[in-house]
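Subject: Handing over the structure

Dear colleague,

I am passing on to you the structure we spoke about, with the sequence beside it. Please have a look at it first, and then read my notes with the structure still open.

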Amino acid sequence: MTPKLKNLITRSITGILYVAILVTCFLQAFNMIIVFSLITGMAIWEFTGLINVYKHVNVNRFITTISGVYFFFAVAGINSGTIHTHAVFIPYLLTIIYLFISGLYTKSGDSVSDWAYTMLSQMYIALPLSMINVVAFRQATDGQNYYYYLLPLSIFIFLWTNDTGAYCTGSLFGKHKLFPRISPAKSWEGSIGGGILVLIMASIIYFIESQGENLSGLNLIEWLGLGLVVVIFGTWGDLVESLLKRTLGIKDSGNILPGHGGMLDRFDSSLMAIPAAVIYLYSITLL
């Protein structure tokens, strides 16, 4: 077996397991919360490790990771209705204060960078991933919160569809570079092809949902809008992570996913797409 074929098989197996775990986890609220809390923790641990090595700073990986995971659970509790007081965020705030004050005693050569990268891990990873709870839990007219798997799952379906469409279209017709300074492989043709495929997928999802209770409350135009939001911000998310890796001088963020790199490599698009979807969904409810 050639190394190229072996890598293809490894990448395919990892990809299938990755998709299977995400799809099945969305079917149950508890499973979704557990899986994404693990993803949050692993991504922050990976990020802080990279920063400590390549930027030679001293981010407290353990406390920073615990903080991010706690924040995820707090947001999940509030949005699911399990927790009814925002006092749940007090331990998180105390942890953030601790991370700042600890800089007084670590004798770090660059405390400002330590603080900056610590907070970046929360803003870049913990906050966006926690927003999956805002998408997943909806409030009914009676004030009760309920879990609806299709909305958070659709974000990832759109991201996967966009990646597939962009790769196929870009390979066949790609001539004009989308962002050559950051990602030379991406093309405008690929992005447009991926976007068109997502619009088709959004139409299919709307048609399937409309045959039932339409729990999302979205009409066809709103589903198409959600698809476009995920495409645009997912692409930016991919480019942001590419810029991060270029700044650090690395190819992959890690190797925890054989053939696919690290956690940030797999969830880079979602780090921008999820909060953008939240803003979009809230915006259309205000119109």
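This is a predicted model: local features need pLDDT of at least 70, side-chain atom pairs count only at pLDDT 80 or more; totals for chains, interfaces and linings use all residues.

Helix packing

I would start with helix α3, which covers residues 61–80, and helix α5, which covers residues 111–130; their axes come within 9 Å and cross at roughly 30°. Angles under 35 degrees count as roughly parallel, and α3 and α5 are therefore roughly parallel to each other. The crossing in which α3 passes α5 is right-handed. On the α3 side the residues that meet α5 are Thr64, Ser67, Gly68, Phe71, Phe72 and Val75, and on the α5 side they are Thr118, Ser121, Gln122, Ala126, Leu127, Leu129 and Ser130. Sorted by class, this contact of α3 with α5 has six nonpolar residues, seven polar ones and no charged ones.

Helix α5 also packs with α4, and here the angle is about 155°, with the axes 10 Å apart. Since angles over 145 degrees count as roughly antiparallel, α4 and α5 are therefore roughly antiparallel to each other. Their crossing is right-handed. Tyr92, Ile96, Leu99 and Phe100 of α4 make the contact together with Trp115, Thr118, Met119 and Gln122 of α5. By class, the contact of α4 with α5 has six nonpolar, two polar and no charged residues. If you compare the two lists, you will find Thr118 and Gln122 of α5 in the contact with α3 and again in the contact with α4.

Aromatic rings

How many aromatic pairs does the structure hold? There are 17 aromatic pairs, and I have picked out two of them for you. Tyrosine 18 and tryptophan 160 form an edge-to-face pair, with 6.1 Å from centre to centre and 70° between the planes. Because tyrosine 18 lies in helix α1 (residues 3–25) and tryptophan 160 in helix α7 (residues 150–173), this pair ties together parts that are 142 residues apart in sequence. Tyrosine 18 has a relative accessibility of 12%, and therefore counts as buried.

In the other pair, the ring centres of phenylalanine 71 and tyrosine 92 are 4.9 Å apart and the planes stand at 45°, so the pair is tilted. Phenylalanine 71 belongs to helix α3 and tyrosine 92 to helix α4 (residues 90–101), so the parts that are tied together here are 21 residues apart in sequence. Phenylalanine 71 and tyrosine 92 are both buried.

Backbone angles

Most residues other than glycine have a negative phi. Histidine 56, although it is not a glycine, has a positive phi of about 55°. Histidine 56 sits in the loop between α2 (29–54) and α3, and with a relative accessibility of 68% it counts as exposed. Asparagine 214, which is not a glycine either, has a positive phi of about 50°. The loop between α8 (188–210) and α9 (220–248) is where asparagine 214 is found, and its relative accessibility of 29% makes asparagine 214 partly exposed.

Is serine 37 buried or exposed? Serine 37, which is found in helix α2, has a relative accessible area of 5% and is therefore buried. Leaving out residues up to four places away in sequence, serine 37 touches Val69, Phe72 and Phe73.

Phenylalanine 179 lies in strand β3, residues 177–179, and is partly exposed, with a relative accessible area of 33%. Apart from its neighbours within four places in sequence, phenylalanine 179 is in contact with Pro184, Lys186 and Leu239.

Threonine 285, finally, lies in helix α11 (residues 270–286), and at 52% relative accessibility threonine 285 counts as exposed. Threonine 285 and glycine 217 are 68 residues apart in sequence, while in space they are 9.6 Å apart from C-alpha to C-alpha.

Notes:
Residues are numbered from 1 along each chain as its sequence is written. Side-chain values use heavy atoms; hydrogens and water are left out. Axes are lines fitted to C-alpha atoms, for helices over the stretch in contact, and angles run from 0 to 180 degrees between N-to-C directions. Helices (H or I, at least four residues) and strands (E, at least two) are DSSP runs, numbered from the N terminus. Angles under 35 degrees count as roughly parallel, over 145 as roughly antiparallel, 65 to 115 as roughly perpendicular and the rest as oblique. A crossing is left-handed if the near helix is turned anticlockwise from the far one by less than a right angle, and right-handed if clockwise. Contact means heavy atoms within 4.5 Å. Ala, Val, Leu, Ile, Met, Phe, Trp, Tyr, Cys and Pro count as nonpolar, Asp, Glu, Lys and Arg as charged, and the others, Gly among them, as polar. Rings of Phe, Tyr and Trp (its six-membered ring) pair if their centres lie within 6.5 Å; planes under 30 degrees apart count as stacked, over 60 as edge-to-face and the rest as tilted. Buried means under 20% relative accessible area, exposed over 50%, partly exposed in between (1.4 Å probe, protein chains only).
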